[in-house]
Amino acid sequence: MDIQAMNLIEELSWRGMIQDIMPGTEAQLKKEMTTGYIGFDPTADSLHIGSLVPILLLVHLQKAGHKPIALVGGATGMVGDPSGKSEERNLLSEDILNHNLACVKRQLEKYLDFSPSRPNAAEMANNYDWFRQISFLDFIRDVGKHITVNYMSSKDSVRKRLDGENGMSFTEFTYQLVQGYDFYWLYTNKNCKLQMGGSDQWGNITTGTELIRRKAGGEAFAFTCPLVTKADGGKFGKTEKGNIWLDPVKTSPYLFYQFWLNAKDADAEKWIKLFTFLPKDTIADLLRQQSEHPEARPLQKTLAHEVTLFVHGEEGYHKAIADTEKFFSNQSAPADSLSEQDLESIDGVARFDYPAAKIARGIDIVTFLAETGIFSSKGEARKLVEGGGVSVNRKKVETVKLAVDNSLLLHGKYILVQKGKKNYYLVKTT
RNA sequence: GGGUAGGUAGUCAAGUGGCCAACGACAACAGACUGUAAAUCUGUCCUCUUCGGAGUUCGAUGGUUCGAAUCCAUCCCUGCCCA
């Protein structure tokens, strides 16, 4: 691919993917095939959609003809990044860390092209590989000597903690040096001249470029992307059910699709640029459609389509669509219009087993909801039923006195419970 | 080490002997209205409940008291100032 063909920085700018950029970065990217990296923390056994933007940065980088390195933080994960954290983090045990590392690595491998035939084939790196050989004394002599505490303390992530209530351990204080050394190592060993990341990483990244300048006399570049926000100020990627993960086992493709489909209009406008590869005029067209027919939600649909396809592939996308159709396309249709096969194969629905005998005898709705496990207690179940938030087989439960018995069974063995409009639970009798 | 201000539910933040499961705000969940959107209004929001209540909370542990988030003692943690 021709590096000149597309100006990466221009492309990323209009998508709203650039927050801070170091002077000269654009010129460097135009000059030659440049190696760039992003680090991923192994704080969990799957990445979630918060990591999607950094992943996309690497994909864009590779598409523009440059060489991406995805780094997993085996070493940095042991220290803990203070950026954006108001208090000291708990350290992960080594077992968990290694497990997470392997999982995260496997995921990252899905999104980049590692085929060795490409001159700009992606690479994977683990900073533990170089850190395990460095002794503490070596590190403070060879690395620490180049950076002053004054410099380190002026970083936002550090200053906030020094000014804040909770203080900061020496361990977390050193984090930026550890990450800075990564960049230095990649610079000297892999000719990597670019680091990218979320804007919260800016401080850590500049420590790296500083180290490269002072220790190697070299010049390195960087840019960051804005942290993804929601219009209502909430945390991006969190729902009442928790994080939206990239791992289909942890978050089914159906729920993943639903997350994007449920985006607010204001968010969808930003996200369509951020999370898809659609060209400028296609997006402009979608925005126009959205304003003409907001009820059709072309933005959300396209967004959900593109992102699900990217993360879960054709199969995952089709499954997500099929399940969405079943639940939402004719909501007024009675529940028994769903075939047994539909009920069995639907994704993203929590499933519960319940003894058939108890239902045959008849049981009150509150006890039923609590004993199946849909609600954690009778009190909680009762409150939501009283508030009108529970439906059984798509009919709203009007009273807590409702008895659940055989007459409610679909296909002789299922009961479909809804909590609110969008949360489905399937109870199967056994 | 000395001085000083603090530690209250997911977060912020009132409360300084009984009317306290604890004002208020935000977040969250649900309902109405909608477009599986936003805004608005309403309900829920420590745990359990036979809906009458019951149980466990206000950094920790002991104590005073009929009664403590509130008073006393000791300890732990944090900020700030001084050494």
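**Entry 1: burial.** I started with strand β13, residues 414-419. I counted a residue as buried if 20 or more other C-beta atoms lie within 10 Å of its own. By that cut-off 5 of the 6 residues of β13 are buried, so the strand is largely enclosed by the rest of the structure. This is a predicted model, so I kept confidence for a later entry.

**Entry 2: partners.** Which strands pair with β13? I found strand β10, residues 390-392, joined to β13 by 3 bridges. The two run antiparallel. In this pairing S391 stands opposite Q418 of β13. I then looked up strand β14, residues 423-429. β14 is joined to β13 by 6 bridges, and this pair is also antiparallel.

**Entry 3: the turn.** β13 and β14 form a hairpin with 3 residues between the strands. I checked the backbone there. G420 takes a positive phi near 70°.

**Entry 4: confidence.** I looked up the scores next. The model has ipTM 0.84 and pTM 0.88. Chain A averages a pLDDT of 88, and 92% of its residues score at least 70. Where in chain A is confidence lowest, and where highest? The lowest is strand β6, residues 238-239, at a mean of 68. The highest is strand β2, residues 67-72, at 96. Over residues 1-5 the pLDDT is below 50. Beyond near neighbours in sequence, that stretch has 5 contacts in the model. My reminder: where pLDDT is low, the predicted coordinates should not be read in detail.

Conventions. Residues numbered from 1 in each chain as written. Chains lettered and ligands numbered in written order. Predicted model: local features only at pLDDT ≥ 70, side-chain atom pairs only at ≥ 80, totals over all residues. pLDDT = per-residue confidence, 0-100. Helix = DSSP H or I, 4+ residues; strand = E, 2+ residues; numbered from the N terminus. Contact = placed C-beta atoms within 7 Å. Buried ≥ 20, exposed ≤ 12 C-beta atoms within 10 Å, placed from the backbone. Pairing = 2+ DSSP bridges.
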